[in-house]
Amino acid sequence: MRLRNISGSRELIAASDYVIHEPQEHRGGWGEIFGNDHPIRIEIGMGKGRFIVELAGSHPDINYVGIEKYSSVLLRGIQKMEEEPLDNLYFIRMDAEEITSVFGPGEVDRIYLNFSDPWPKDRHAKRRLPSREFLRRYDEILKRDGVIEFKTDNRELFQFALDELEPAGWHLERMTRDLHHDEEMMRDNVMTEYEERFSSMGNPIYKYIISR
Ligand code: SAM
């Protein structure tokens, strides 16, 4: 259903063909949704969706799923799809804590985490998307040679993410503490909404790529 004539972000999302409404029903069978067996890459905490929409537009042979907890933000991604529909991109409105009930073992080819919420209080560390608790979930759904790519401008969160790798059994493939001045890692970089905002303020952008 098209978005016009519907008000309220929950209602809009419920009516959108670009959103998978019962994602658990597709666990292990995402290829059927896309109608092909191309690799599936996901962004967790996609916000308004600039990154994943651009990526999907430039890689038609890869399937993408954008995951976002809040309707009001996800709506902006849906509006981008309304303007320029893509058949290799779907969205899910959900809390990523439930991610293993949505994708089967090894079903995901790559995971993107961009400017994840820092949750600065120690007692909220488990909610941070690069935490060991989340790495355990990613381990279940990511194929054996799959990687996670994480970008942030938050130095403390980046250090936390690095410290989580060893206890969780992951290792660093590549990293930079100044992405925008790292020629090699900047190649093919796709900017996110937050990246645009913080890099234009002069903040360095941190990035890692990890594997098991
Ligand atoms: N990735 C976008 C960017 O770089 O512009 C948005 C960054 S924003 C700081 C973080 C986003 O992650 C928010 O939209 C938030 O709602 C979402 N988020 C945080 N925790 C989440 C979770 N557990 N599951 C799904 N989305 C989550």
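User: How do the residues that line the second largest pocket divide into nonpolar, polar and charged?

Analyst: Heads-up: this is a predicted model, where local features need pLDDT of at least 70 and side-chain atom pairs count only at pLDDT 80 or more, while totals for chains, interfaces and linings use all residues. Residues are numbered from 1 along each chain as its sequence is written, and side-chain values use heavy atoms, with hydrogens and water left out. A pocket is an open set of points on a 1 Å grid over the protein atoms alone, where a 1.4 Å probe fits and protein lies on both sides within 12 Å along at least five of seven lines; lining residues have an atom within 4 Å of a point. With Ala, Val, Leu, Ile, Met, Phe, Trp, Tyr, Cys and Pro as nonpolar, Asp, Glu, Lys and Arg as charged, and the others, Gly among them, as polar, this lining splits into nine nonpolar, three polar and nine charged.

User: What volume does the largest pocket have?

Analyst: Grid points get joined across faces, edges and corners, and a volume is the space filled by probe spheres set on the points. For the largest pocket, that comes to about 720 Å³.

User: Which element gives the most to the lining of the largest pocket?

Analyst: Helices (H or I, at least four residues) and strands (E, at least two) are DSSP runs, numbered from the N terminus. Strand E1 (40-44), helix H3 (50-58), strand E2 (63-68) and helix H8 (193-200) each put at least two residues into this lining. The top giver, with four residues, is H8.

User: Is tyrosine 194 buried, partly exposed or exposed?

Analyst: You'll find tyrosine 194 in helix H8. Buried means under 20% relative accessible area and exposed over 50%, with partly exposed in between (1.4 Å probe, protein chains only). Tyrosine 194 has 41% relative accessibility, so it counts as partly exposed.

User: How far from glutamate 43 is the nearest side chain of opposite charge?

Analyst: Glutamate 43 sits in strand E1 and is buried, yet has no salt bridge. A salt bridge needs a side-chain nitrogen of Lys or Arg within 4 Å of a carboxyl oxygen of Asp or Glu. Lys and Arg count as positive, Asp and Glu as negative, and His and the chain ends aren't counted. The nearest opposite charge belongs to lysine 151, at 8.0 Å.

User: Which residues of H3 are buried?

Analyst: Look at what covers them: E1, E2, helix H4 (71-83), strand E3 (89-93), E4 and E5 are included. The buried ones are Phe51, Ile52, Val53, Leu55 and Ala56.

Methods:
Contact means heavy atoms within 4.5 Å.
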